[in-house]
Amino acid sequence: MSSKFKLALLQLAVGASKVDNLTKAVRLIKEAASNGAKIVALPECFNSPYGTSYFADYAEKIPGPSTDALAEAAKENQIFLVGGSIPEEHNGKLYNTSTIFNPEGKLIAKHRKIHLFDIDVPGKIRFQESEVLSPGSQYTTFDTPFCKVGVAICYDIRFAELGQAYARKGCQLLLYPGAFNMTTGPAHWELLQRGRALDNQLYVATISPARDEKAKYTAWGHSTVVNPWGDVISTTEHEKTIVYSDIDLEYLKQVREMVPISKQRREDLYQLQIKESDS
């Protein structure tokens, strides 16, 4: 198996029509696969507008229409597919949930956003996901022939401990579907990605929706890939597009050999405690 593979991030233009969103997603998945992508990722809330007033109306059970379309697309195009996220309804609760499919179209993992996006920046933005959504409580990783991949969603990226836990679990690539806004995006989006990549000496990719200036919530865009040295190696602006990047696992190994922080931690002074949950 080659130490390199191609990753594709689909910066999708999300609108009010779920059917249209799914149609556009399937079309871009096919395009990315035809250009050699082995892992393809969609943005947060790819099937619906992002906002607490939309989650209940667009929510689905899993499996459901959106995940059925993803399963078929993964199988048809023979790729690993990270389905961004959708509003999920389960047992009377709503979650912000990412589904992951293998090249046979089988659902192999599901991530419910762990850290809900509750912020209040006076005069700029107030958003409270917890008014509508419930948090997840599980780590989400999946194995590929290339490497182990960790998945988290948007606000999850702010928590360094989660990225560290994924690295300790053997992940070499972290995928964060996310929709940062016009306040936090220019300030923190790239900075957080580079921090998680550099801290853990792995690849980090973020997948944003394209920007819609008319939407109630305006996404920053700028889907990006950062390498284990902390360099931005692929990115874009805010329009709808596909971002491609070659993930080089041999380079990751070299970085870890040059700066061997995993062997230099003072665990006599500090330790990361990783808790597992069955819920």
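Visitor: Why does Glu267 count as partly exposed?

Guide: Glu267 counts as partly exposed because its relative accessibility is 39% (buried means under 20% relative accessible area, exposed over 50%, and partly exposed in between, with a 1.4 Å probe and protein chains only). Before we go on, please note that this is a predicted model, where local features need pLDDT of at least 70 and side-chain atom pairs count only at pLDDT 80 or more, while totals for chains, interfaces and linings use all residues. Residues are numbered from 1 along each chain as its sequence is written, and side-chain values use heavy atoms, leaving out hydrogens and water.

Glu267 sits in the segment after α6 (helices, H or I, of at least four residues and strands, E, of at least two are DSSP runs, numbered from the N terminus). Val259 lies in the segment after α6 (249-258) too, and with 33% relative accessibility Val259 is also partly exposed.

Now follow the side chain of Glu267: it makes a polar contact of 3.5 Å with the side chain of Arg168 (N or O atoms within 3.5 Å; within protein one must be able to donate a hydrogen and the other to accept it, and residues adjacent in sequence count only if both atoms are side-chain atoms). That leads us to helix α4, residues 160-168. Here Ala160, Leu162, Gly163, Ala165 and Tyr166 are buried. What do they pack against? The buried residues of α4 meet strands β6 (107-112), β9 (141-143), β10 (148-151) and β11, and helix α5 (184-200), where contact means heavy atoms within 4.5 Å. Just after α4, Gly170 has a positive phi of about 100°.

One last stop is Gln201, in the loop between α5 and β12 (203-207). Gln201 is buried, at 5% relative accessible area, and its phi is positive, near 55°. Most residues other than glycine have a negative phi.
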